[in-house]
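Open the model in your viewer and keep the selection panel at hand. The stops below say what to select and what is there.

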Amino acid sequence: MARLINSIDLSKSTVTTGERRFAQRLESHLEKDYLCWYDVRIGQNSQFPDFIILHPSRGLLIIEEKGWRITTIRSIDPSRVELETDGAIRRDSNPFMKARQHTMQLVNQLKRDPELCHAHGAYEGQLSFPYGWGVALTNITRKQLNEAIPALDQEDILPPHRVICKDEMTESVDPLEFQERLWGMFEYSFGEPLSVPQIERVRWHIFPEVRIPPEAQTDLFENDFESAPDLVKVFDLQQEQLARNLGSGHRVIHGVAGSGKTMILGYRCLQLAESIQKPILVLCFNVSLASRLRQFATENGIANRVHIHHFHEWCGLQLKTYHVDLPKGEEEYWVRQAHGVISAVEKGFIPRAQYGAVLIDEGHDFEPEWLKLIVQMVDPATDSFLLLYDDAQSIYRKGSGLDFSLSSVGIKAAGRTTILRLNYRNTREILKLAYNFAREFIGPKASDEDHIPLIEPESTGLSGAIPSFRSCKNFAEEVDHAVQSIRAWLDDNIPAREIAVVCFRKYHGKALEYRLAQEGINHLWLGNKAQKKSYDPSKERITILSAQSSKGLEFHSALLFGIGHIKDDPDQVESQTRILYVAMTRAKQRLALSTSASNSFSEKIEMLVKNATTRERSAA
C-alpha cells in the first residue's frame with residue numbers, strides 16, 4: 001500500500017468525489033515504496049497540483065484530476081475547455097496543459113539542486129531521474145473519451161497515454177494495469193534508482209517546512225541547498241504526515257526529547273496564520289523558549305498574527321488588559337496571577353474564546369487548572385487546540401506524570417493523539433547516557449488514550465563522541481576546565497551561538513560570566529527574566545544558563561557545570577534527575593560534564609561515562 005503523506009480532509013468543501021476516489025486507488029493499488037502527496041503548494045507562484053507521486057525507480061509524476069462528465073464538455077482544445085453546468089457556460093484550463101505547467105514549475109525548482117542532477121556529460125544540469133505528467137478523468141470512461149474526441153485530435157488535446165479514465169481506476173482493476181497506466185505517462189526512463197538521501201532531498205523541496213537545519217534547529221526552518229539532507233535534516237514520514245494532517249479540533253502530540261515537537265508547532269503556526277482570522281496564541285512555560293519562538297514568528301512574518309508568551313507572562317497581560325486586580329494572599333506572585341485570571345474568567349471579567357487557535361509547548365509543566373483555563377480561550381467556531389507533551393521533561397509540576405485525564409480539563413483529543421518516539425537531536429551516545437542515568441524515573445509506562453504515557457526514546461542512529469566527565473579538585477579548577485572546553489570547541493570551528501554552559505547554581509553562572517569577560521570571550525548569562533525574554537539564539541556568543549532555562553533549547557555542544565553541587569536529598573532525587581536529563585539532552589553533538597564536589601549524581605554519571613568508554617575501547 002502506498003503512503004499518502006497528507007490525507008484528504010473529507011470535511012473540506014473543496015475536496016471532490018473524484019479526488020477522494022483517485023487517492024484511495026493510489027493507496028490501494030501502489031506498493032509501499034511509493035510516496036504520494038495531495039494538493040501541495042509548490043514554487044514561488046504557489047501552484048497546487050492535485051497529486052504528486054514519487055517512486056525510487058520510476059521517478060516523479062504529477063496528476064491533475066478532473067471529475068467532469070462527458071455530457072458537460074461543450075468544447076476543448078489544447079489550452080482551454082468549455083463546460084456547461086446548470087445551464088451556465090464556464091471556462092477552464094486544459095488539465096493536460098495545467099499538469100505540464102505544474103511539472104515544469106517543480107522540475108525547474110529541483111534542477112537548482114546539484115544533488116538531483118547529472119553532474120557530467122550531455123545531460124549535465126538536467127534531473128537525474130525521469131519525470132512525467134498526466135490527467136485522471138474520474139467520471140469519463142475510455143470509450144466515452146474516444147467517441148467524443150477523434151484519435152488524431154487527442155494527441156494535441158489529451159494524449160491517450162497521458163490519461164487514465166474512470167474504468168481504468170476502479171477498485172477491481174488489476175494493480176499492475178493501474179500502475180502501467182501511470183508510468184505510461186512518461187516519455188522515457190533512465191538512470192539509477194533514487195537513493196534515500198535523494199528521496200529525502202525531493203521531499204525537502206516539495207515541502208520546505210520539513211527541513212531541519214544541518215547545523216542547528218535554532219531557526220526551525222532552513223532555506224540553504226548546499227548540503228544534502230539526510231535522516232537527521234528532514235522530517236521523517238510520520239512527522240511530515242503529522243504536520244500536514246493536524247486538521248481541526250483538539251490534538252495532542254507526545255514526543256520524546258528531540259523528536260521535533262517544537263518544529264511541528266512552528267509549522268502549525270504558519271498553517272494557521274494563513275487560514276484563521278482571529279489571533280493565534282502560543283504558550284510555553286520556559287521564558288527563554290518563548291523568546292526563541294517569538295524570533296521564529298518575526299523571521300517568518302507572522303508575529304502580528306501569532307502571539308507567543310510564557311504562561312505567567314500571558315496571565316499578567318490578561319490581568320492588565322482587563323483591569324483585574326491581582327488577588328491578595330500569602331501565595332507566590334505567579335501563583336496569584338494564575339488564580340486571578342481563572343477567577344476573572346469564571347466571573348466574566350475576562351472573556352473566553354479570545355483566540356482562533358491555541359498551541360501549548362511544554363504541556364508537561366502545566367497544572368490541570370491552567371490547561372482548563374486555556375482551553376476556554378479557544379473560539380468554538382474554530383476549536384483549534386494543540387498540546388505538546390513529554391512527561392520525561394516534567395520538571396516544574398509538583399507531581400510527576402499526568403495525574404489527571406485530558407478530558408477532565410476540556411481537551412477533546414480522543415482518537416487524535418500521536419506519539420513521536422524517535423530522537424533526532426542527540427547522538428546515540430548522548431541519548432544513551434541521559435536515558436540510562438534517568439531510566440529509574442522516566443522508564444516507559446503504559447496509559448490509556450485519555451492520559452499520556454511515558455515512552456522510551458529511540459535514537460535515529462547518529463553517532464558521535466562519548467560524553468566526557470571531569471572531576472576537579474576545587475571550584476577554581478572547574479572554572480578553568482570550563483574555559484578550556486569552550487576554547488577547544490571554538491578552535492574546532494563550532495559557532496559560539498552553538499555552545500552552552502548549563503549551571504545548577506546561580507553563583508556558578510556569575511563566576512563563569514566574570515571569567516569569560518576576563519578572557520575576552522563573548523557570552524550572555526541568562527541570569528534574570530529580562531535577559532531571558534530578550535534572548536536571541538542567533539547572536540554569536542556563548543550562552544550561560546540554568547538547567548531550567550535550557551529546556552526547549554538545543555546546542556551543538558554543551559557543558560553541564562557544577563553537578564556535584566546539586567542537592568541529592570531523597571525527596572528531591574526524582575525532580576533533580578529529571579532536570580539533569582533535560583540538561584543532558586540539550587547537547588546535539590558534544591556533551592561534557594564537570595564537578596568540583598561529590599554527590600550521588602556525579603558518582604553515577606562518572607560511572608556511566610567510564611563504562612561507556614571501557615566498552616568503546618574493548619570494541620576497538
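Helix axes here are lines fitted to C-alpha atoms over the stretch in contact, and angles run from 0 to 180 degrees between N-to-C directions. Bear in mind that this is a predicted model.

**Stop 1: a helix pair**

Select residues 17-29, helix H1, and residues 175-183, helix H5. The two pack at an angle of about 115°, and their axes lie 10 Å apart. The crossing of H1 and H5 is left-handed. Now show side chains. From H1, the contact uses Phe22, Arg25, Leu26 and His29. H5 contributes Pro175, Phe178, Gln179 and Leu182. Colour the H1–H5 contact by class: 5 residues are nonpolar, 2 polar and 1 charged.

**Stop 2: Ser596**

Go to the loop between strand S23 (587-595) and helix H19 (600-619), and pick Ser596. Is Ser596 buried or exposed? Ser596 has a relative accessible area of 16%, so it counts as buried, the cut-off being under 20%. Which side chain does the Ser596 side chain meet in a polar contact? The partner is the side chain of Glu478, at 2.6 Å. Leaving aside neighbours within four places in sequence, Ser596 is in contact with Cys472, Asn474, Phe475, Glu478 and His565.

**Stop 3: salt bridges**

The count comes to 24 salt bridges. Visit a few of them.

Start with Arg91 and Glu82. Their side chains form a salt bridge at 3.1 Å, N to O. Arg91 is exposed, at 60% relative accessibility. Glu82 is partly exposed, at 24%.

Next, select Lys533 and Glu313. The N to O distance in this salt bridge is 3.3 Å. The pair links distant parts of the chain, 220 residues apart: Lys533 sits in helix H16 (residues 529-533) and Glu313 in helix H10 (residues 311-321). Lys533 is partly exposed, with 37% relative accessibility.

Then move to Lys551 and Asp365, a salt bridge at 2.5 Å, N to O. This pair also joins distant parts of the chain, 186 residues apart. Look for Lys551 in the loop between helix H17 (547-550) and strand S22 (555-561). Asp365 is in the loop between strand S13 (357-360) and helix H12 (368-375). Lys551 is buried, at 1% relative accessibility. Asp365 is buried too, at 1%.

**Last stop: a network**

Select Asp480, Arg487, Arg515 and Glu519 together. Salt bridges link these four residues in a network.

Technical notes:
Residues are numbered from 1 along each chain as its sequence is written. This is a predicted model: local features need pLDDT of at least 70, side-chain atom pairs count only at pLDDT 80 or more; totals for chains, interfaces and linings use all residues. Side-chain values use heavy atoms; hydrogens and water are left out. Helices (H or I, at least four residues) and strands (E, at least two) are DSSP runs, numbered from the N terminus. A crossing is left-handed if the near helix is turned anticlockwise from the far one by less than a right angle, and right-handed if clockwise. Contact means heavy atoms within 4.5 Å. Ala, Val, Leu, Ile, Met, Phe, Trp, Tyr, Cys and Pro count as nonpolar, Asp, Glu, Lys and Arg as charged, and the others, Gly among them, as polar. Buried means under 20% relative accessible area, exposed over 50%, partly exposed in between (1.4 Å probe, protein chains only). A polar contact is a pair of N or O atoms within 3.5 Å; within protein, one must be able to donate a hydrogen and the other to accept it, and residues adjacent in sequence count only if both atoms are side-chain atoms.
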